[in-house]
Amino acid sequence: MLKMTFGQRLRLLRLEMGLNQIQFCSSFNAGRAHPLTTASISQYEHDKRIPEHKRLLELAEYFRVTTDFLLGVSDNRHSVSESEDPDVRAILDLIQEAPELKLLFMKTGRLAPEGREEIARLLEKSLQKYR
């Protein structure tokens with residue numbers, strides 16, 4: 001990923017969820033005592049303002065990314081320690097060894113559940129052929 005600013009990353013994450021700024025604020029603000037405004041989102045996305053620490057943590061939690069990713073310190077969206085799920089660690093290791101698998105995960109992960117099921121069936125047929 002090219003070096004992106006906080007605002008560019010925030011916008012990217014919002015758009016990946018298919019939300020405009022109004023929809024994002026509505027979803028993000030649910031149950032929060034201090035709501036986020038579309039004006040604030042616009043300022044963040046245009047790099048006119050950086051959120052305070054607490055808001056930054058809330059945004060990272062909402063998008064399920066690290067604050068380092070949001071701030072552009074790291075291009076890794078998620079932090080996985082050695083103590084976490086070994087299956088997740090194994091998948092991440094495979095992706096590092098075979099970058100084409102990353103494309104597979106990224107493309108299929110955004111499909112509707114029935115699309116992922118169809119891909120899984122096709123993949124299983126292919127695996128039987130090459131075992």
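Which helix gives the largest share of the nonpolar patch?

## The nonpolar surface patch

In this predicted model, the largest share of the nonpolar patch comes from helix α8, which spans residues 113-130 and contributes four residues. The patch covers about 450 Å² of the surface and is made by Leu104, Leu111, Ile119, Leu122, Leu123 and Leu127.

Leu122, one of the residues of this patch, lies in helix α8. Its relative accessibility is 44%, so Leu122 counts as partly exposed, a class that lies between the limits of 20% for buried and 50% for exposed residues.

## The largest nonpolar core

The largest nonpolar core holds 18 residues, and of these Phe24, Leu59, Phe63 and Leu70 touch the most other members. Helix α4 supplies the largest share, with five residues.

When neighbours within four places in sequence are left aside, Phe63 is in contact with Leu10, Leu13, Arg14, Met17 and Phe24. Phe24, a partner in this list, is itself among the core residues that touch the most other members.

## Helix α3 and its cover

Helix α3 comprises residues 38-45, and within the helix Ser40, Ile41, Tyr44 and Glu45 are buried. Seen down the axis of α3, these buried residues fall within an arc of 130°, so they line one face of the helix.

Just after α3, Asp47 takes a positive phi of about 55°.

Apart from neighbours within four places in sequence, Arg14 is in contact with Leu19, Asn20, Gln21, Phe24, Glu45 and Phe63. Among these partners of Arg14, Glu45 is one of the buried residues of α3, while Phe24 and Phe63 are among the residues that touch the most other members of the largest nonpolar core.

Asn29 has its place in helix α2 and is also buried, with a relative accessible area of 15%. With neighbours within four places in sequence again left aside, Asn29 is in contact with Pro35 and Leu36.

Note on methods:
Residues numbered from 1 in each chain as written. Predicted model: local features only at pLDDT ≥ 70, side-chain atom pairs only at ≥ 80, totals over all residues. Heavy atoms only, no water. Buried < 20%, exposed > 50% of the residue type's maximum accessible area, 1.4 Å probe, protein only. Helix = DSSP H or I, 4+ residues; strand = E, 2+ residues; numbered from the N terminus. Arc of directions from axis to C-beta. Contact = heavy atoms within 4.5 Å. Patch = residues over 30% accessible without salt bridge, like charges linked within 9 Å, V, L, I, M, F, W, Y side chains within 5 Å. Areas by Shrake-Rupley, 256 points an atom, 1.4 Å probe, with all protein chains shown as cover. Salt bridge = Lys/Arg side-chain N within 4 Å of Asp/Glu carboxyl O. Core = buried A, V, L, I, M, F, W, Y, C linked by side-chain atoms within 4.5 Å.
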